[in-house]
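Reader: I would like to go through the ligand site and the annotated position of this entry step by step. Could we begin once the sequence and structure are in view?

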Amino acid sequence: MYVSIWCHSLNLSSRSLAIVLVVCVTLVYFSYSFNACLLASISRTLQQSNLRNLLTLQQRNASSEAEATSNSTASSSANSNSSSSTTPILNSTVSNAIASVDGAPKYQMLRQQGLRPSRHLPDTLIIGVKKSGTRALLEFIRLHPDVRAAGSEVHFFDRHYQRGLRWYRHHMPYTIEGQITMEKTPSYFVTKEVPQRVYHMNTATKLLIVVRDPVTRAISDYTQAASKKADMKRFEQLAFVNGSYSVVDTNWGPVKIGVYARYLEHWLLYFPLSQLLFISGERLIMDPAYEIGRVQDFLGLKRVVTEKHFYFNATKGFPCLFKSEARSTPHCLGKTKGRNHPHIDANAIERLREFYRPFNNKFYQLTGINFAWP
Ligand code: A3P
């Protein structure tokens, strides 16, 4: 009634009134949309800058963890502590943010295309062998855009099995459809319970195993342990019983792990040979592109990682990368990879070679590959 009195006093027809109303509503609508857009854009900018910070933090974490945790048994408890001390921080405080960011910048692009990354249990495991080049293998294969790997050793099947598969999956990186989830924990190869546990997770799991001349591997293992313990006995004193070279101490970890055939036989109770790929640790150094080519074929991946990704660093004496997911400049693996080995008495080496020979032959027979170790 008031409106009609007001219209009447202003001499407005009902048609003019309708026009005025439409104009008002339109103005309100546009002003609302403009404000909403403005707010959304401000909040998106803030969010992106936060997430970028988190991404940098996570990548830094991953690379430092990668370096710190790739050394197994001797540092096993340290690894375990480091994974349990860093992961929960990421898990609890920033997990939601990381859930939408996760890892590589390539994911930001994919997400813009409407793809939704999620975590999956691994399809492929690098199960060993410790000190044979497992870190190099992981860093090289993860150059492939269809491979996503956990940065540090998760030790699920040997140390954290009781935590369950949900826990394990939570430690996996985000992937989109078609990408492979990978994890490496070298102690899996020699841990008795692991083959059955992996089998129970997924009978189709693909297994990658890097192997190296067991004598060099033992020396590498010893060198790593000695780097953490100042008063370590000499290699020769530890590798043999009673100080003479006649009896090899097969209970000493660095020696024991090199009896590959023994561990392999156990894995073959659960997995057919066709699900295992053996990578030569020696060839991974001499010709990384060749070995990574085999790995890509085995995993059904396009051969994307080629010789163009590697260069040989003469100072380090190892192949290094032009760039990786974590770093866009040329770099080598960390200081803990490619250490100088101590001098070992030639007679001790010869005795160890003799010791390993029958086990190596058995291993060649089981794998169908002659690694030609001396
Ligand atoms: P050394 O440090 O004794 O030379 P893992 O990663 O399984 O612990 O194996 C470590 C070994 O990987 C190193 O042992 C080294 O010989 C070998 N390796 C293979 N490729 C390498 C690379 N590109 N850079 C450094 N080390 C490499």
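Reader: How far from an oxygen atom of the ligand does a polar side-chain atom of His341 lie?
Author: The model is a predicted one, and the distance is computed from its atoms. His341 is among the closest of the 19 residues that surround the ligand. Its polar side-chain atom is placed against an oxygen atom of the ligand at a distance of 2.6 Å.

Reader: Which element gives the largest share of the shell around the ligand?
Author: The ligand sits in the second largest pocket. Two elements, H6 and strand S11 (318-321), each give two or more residues to the shell around the ligand. The largest share amounts to four residues, and the element that supplies them is H6.

Reader: Is Lys131, which UniProt lists for "active site", buried or exposed?
Author: The listing of Lys131 comes from an unreviewed UniProt entry. In the model, Lys131 belongs to the loop between strand S2 (124-128) and helix H6 (134-141). A residue counts as buried under 20% relative accessible area. Because the relative accessibility of Lys131 is 9%, this residue counts as buried.

Key:
Residues are numbered from 1 along each chain as its sequence is written. This is a predicted model: local features need pLDDT of at least 70, side-chain atom pairs count only at pLDDT 80 or more; totals for chains, interfaces and linings use all residues. Side-chain values use heavy atoms; hydrogens and water are left out. UniProt positions are given in the numbering used here, feature names are shortened, and annotations may be inferred rather than shown by experiment. Buried means under 20% relative accessible area, exposed over 50%, partly exposed in between (1.4 Å probe, protein chains only). A residue is near a molecule or strand if one of its heavy atoms lies within 4 Å of it. A polar contact is a pair of N or O atoms within 3.5 Å; within protein, one must be able to donate a hydrogen and the other to accept it, and residues adjacent in sequence count only if both atoms are side-chain atoms. On a 1 Å grid over the protein atoms alone, a cavity is a set of points where a 1.4 Å probe fits but cannot get out, and a pocket is an open set with protein on both sides within 12 Å along at least five of seven lines; lining residues have an atom within 4 Å of a point. A molecule sits in a cavity or pocket if more than half of its atoms lie within 2 Å of its grid points.
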